[in-house]
Amino acid sequence: MSGWKNTQQGYGRITIMVHWLSALTVFSLFGVGLYMMSLSYYDPLYRTLPWWHKSFGLTLLAVTVFRIIWKAASPTPAALPEHGKWTVRLAKLGHSTLYLLLIAIMLTGYLISTADGRGIPFFGWFEVPAFFDGFEGQEDLAGELHFYLAWGLVIAAAGHGLAAIKHHLIDKDKTLTRMIKTGE
């Protein structure tokens with residue numbers, strides 16, 4: 001498993017791949033979600049884009065669940081020696097915020113999609129069932145929350161990326177490079 005799991009010095013291949021796959025998926029789903037809001041009922045993409053959005057959203061949910069389990073199985077590398085107590089605390093707070101936003105967005109997406117009692121098709125392979133009947137105005141409330149949580153996630157993820165770039169260009173530490181190449 002050398003190179004695949006995290007070490008005290010750096011992240012392993014699995015963590016790195018899942019990190020960048022998640023980032024790409026989040027920003028892609030955000031862009032598609034914004035575009036979907038502009039579609040009219042008669043637009044040919046009105047039905048197909050939500051289908052893709054939901055399927056990739058469910059994929060991101062599976063990847064996120066895997067990521068949380070993997071984080072427990074392959075613990076985070078030690079903080080860099082040049083990072084002070086506040087830097088470490090802010091990084092943990094930032095990562096926790098990103099995970100909470102991801103879970104909340106996927107939960108609200110589920111609530112939007114199952115508000116009418118129907119399940120969510122997953123790439124046409126199977127359907128994720130609606131587990132409860134819902135409540136009055138579920139689709140509207142969940143939709144509004146989904147929108148604002150998505151903006152919050154994209155802003156937090158952009159801040160996360162800018163912090164990594166700041167560490168690389170200004171602090172000249174290994175924060176960014178640890179998420180690009182393995183710490184074997």
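Q: Is threonine 177 buried, exposed or partly exposed?
A: The model is predicted. In it, threonine 177 has a relative accessible area of 25%. Buried needs under 20% and exposed needs over 50%, so threonine 177 counts as partly exposed.

Q: Where is threonine 177 in the chain?
A: Threonine 177 lies in the segment after helix 4.

Q: How far is threonine 177 from threonine 76?
A: In sequence, 101 residues separate threonine 177 and threonine 76. In space, their C-alpha atoms are 15 Å apart.

Q: What touches threonine 76?
A: Asparagine 6 does. Not counting residues up to four places away in sequence, asparagine 6 touches Tyr11, Gly12, Thr15, Ser74, Pro75, Thr76 and Pro77.

Q: Where is asparagine 6 found?
A: Asparagine 6 is in the segment before helix 1, which covers 13-36.

Q: Buried or exposed, asparagine 6?
A: Buried, because its relative accessibility is 14% and the cut-off for buried is under 20%.

Q: Which side chain does asparagine 6 have a polar contact with?
A: The side chain of threonine 15. The polar contact is 2.8 Å.

Q: Back to helix 4. What length does helix 4 reach?
A: Helix 4 has 34 residues and reaches 46 Å from first C-alpha to last. That is close to the 50 Å expected at 1.5 Å a residue.

Q: Which residues of helix 4 are buried?
A: Gln138, Ala142, His146, Leu149, Ala150, Leu153, Val154, Ala157, Ala164 and His167.

Q: What covers the buried residues of helix 4?
A: The cover includes helix 1, helix 2 and helix 3.

Q: What about alanine 156, buried or partly exposed?
A: Partly exposed, because its relative accessible area is 24%, and buried means under 20%. Alanine 156 is in helix 4, residues 138-171.

Q: What is alanine 156 in contact with?
A: Leu98 and Leu101, leaving aside neighbours within four places in sequence. Glycine 94 is 62 residues from alanine 156 in sequence, and their C-alpha atoms are 7.6 Å apart.

Q: What follows helix 4?
A: Lysine 172, and its phi is positive, near 55°. Lysine 172 is not a glycine.

Q: Why point that out?
A: Most residues other than glycine have a negative phi.

Q: Is lysine 172 buried or exposed?
A: Exposed, because its relative accessible area is 66% and the cut-off for exposed is over 50%.

Q: What is phi for phenylalanine 123?
A: Near 50°, a positive value in a residue other than glycine. Phenylalanine 123 sits in the loop between strand 1 (120-122) and strand 2 (126-128).

Q: Buried or exposed, phenylalanine 123?
A: Buried, because its relative accessibility is 16%, and buried means under 20%.

Q: Switching to the surface. Which residues form the nonpolar patch?
A: Leu61, Val65, Ile68, Ile69 and Ile103. Together they have about 390 Å² of accessible area.

Q: Which helix gives the largest share of the patch?
A: Helix 2, residues 45-73, with 4 residues.

Q: And where is isoleucine 103 found?
A: In helix 3, residues 85-113. Isoleucine 103 counts as partly exposed because its relative accessibility is 37%, between the 20% and 50% cut-offs.

Notes: Residues are numbered from 1 along each chain as its sequence is written. This is a predicted model: local features need pLDDT of at least 70, side-chain atom pairs count only at pLDDT 80 or more; totals for chains, interfaces and linings use all residues. Side-chain values use heavy atoms; hydrogens and water are left out. Helices (H or I, at least four residues) and strands (E, at least two) are DSSP runs, numbered from the N terminus. Buried means under 20% relative accessible area, exposed over 50%, partly exposed in between (1.4 Å probe, protein chains only). Contact means heavy atoms within 4.5 Å. Patches are made of residues with over 30% relative accessible area and no salt bridge: like charges are joined within 9 Å, nonpolar side chains (Val, Leu, Ile, Met, Phe, Trp, Tyr) within 5 Å. Accessible areas come from the Shrake-Rupley method with a 1.4 Å probe; for residues, only the protein chains shown count as cover. A salt bridge is a side-chain nitrogen of Lys or Arg within 4 Å of a carboxyl oxygen of Asp or Glu. A polar contact is a pair of N or O atoms within 3.5 Å; within protein, one must be able to donate a hydrogen and the other to accept it, and residues adjacent in sequence count only if both atoms are side-chain atoms. The expected span of a helix is 1.5 Å times one less than its number of residues.
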